[in-house]
Amino acid sequence: MTFFPEVEPPDDDSSEHYMAPEWAAPPVDWLPSRIGVSTAMATTDDIAVTVTGLSVHATGLQIDIQWLLRNRHQNRRDWSTLMDRFGGGRWGNGAVDPARSIRFGVVLDDGTKVVADVGDAFHDNPAQAPTGPLLTLTEQGGSGDDSYFTTSARLWLWPVPPDGRLELVLSWPEFDVSEARHTFDDHAYSVAARQARPIWSNEGN
């Protein structure tokens, strides 16, 4: 008899797999309807926040965004501190007040306001759909060098917004952006959602 109990091998024959619910993320196995958008929402001496596209799925709207940091001839120590502020303090505890971090929200055509925070879609009961509308911010990674650093992210608005105008709102107090807004042109989101299509048919699933 040994001290440690036997380790049960994993069940490699299980067909169970996780799939994010429709309110948490866009479906990866669908081709959305694209809306061409390219605009700078906010710029300061150090940062810029841009919108690079809209993708309408059958279940919601994806807003692609980037925020960019530039080095204005800072020394390495100052650049490191600036990058930590840019990253929301994730590389240095206490470097940034969370209340001063980047935030997003939208105003729907009917006047409804929706605010996003990271991970909002993953609430207490992930198996039960929350009450919409819901806006979720998901950072998708960053890259850079000693001159620039860019973070790419996705805003997922669930369900599909009503047709008409949509306003995107940004706040980033850490970089002196108290509030910036961009209103997208009127779009028939319901029509665009019906144009989204699956990559694979259901045959063989």
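This is a predicted model: local features need pLDDT of at least 70, side-chain atom pairs count only at pLDDT 80 or more; totals for chains, interfaces and linings use all residues.

**Aromatic pairs**

Q: How many aromatic pairs turn up in a search of the whole structure?
A: Six aromatic pairs, where rings of Phe, Tyr and Trp (its six-membered ring) pair if their centres lie within 6.5 Å. Planes under 30 degrees apart count as stacked, over 60 as edge-to-face and the rest as tilted.

Q: What about Phe86 and Trp172?
A: That pair is tilted, because the ring centres are 5.7 Å apart with the planes at 40°.

Q: Where do they lie?
A: Phe86 is in helix H1 (residues 76–86) and Trp172 in strand S10 (residues 164–172), so the pair ties together parts 86 residues apart in sequence. Helices (H or I, at least four residues) and strands (E, at least two) are DSSP runs, numbered from the N terminus.

Q: What other pair does Trp172 form?
A: An edge-to-face one with Phe175, 4.9 Å centre to centre and 75° between the planes.

Q: Is Phe175 buried or exposed?
A: Buried, at 3% relative accessible area; the cut-offs are under 20% for buried, over 50% for exposed, partly exposed in between (1.4 Å probe, protein chains only).

Definitions and conventions
Residues are numbered from 1 along each chain as its sequence is written. Side-chain values use heavy atoms; hydrogens and water are left out.
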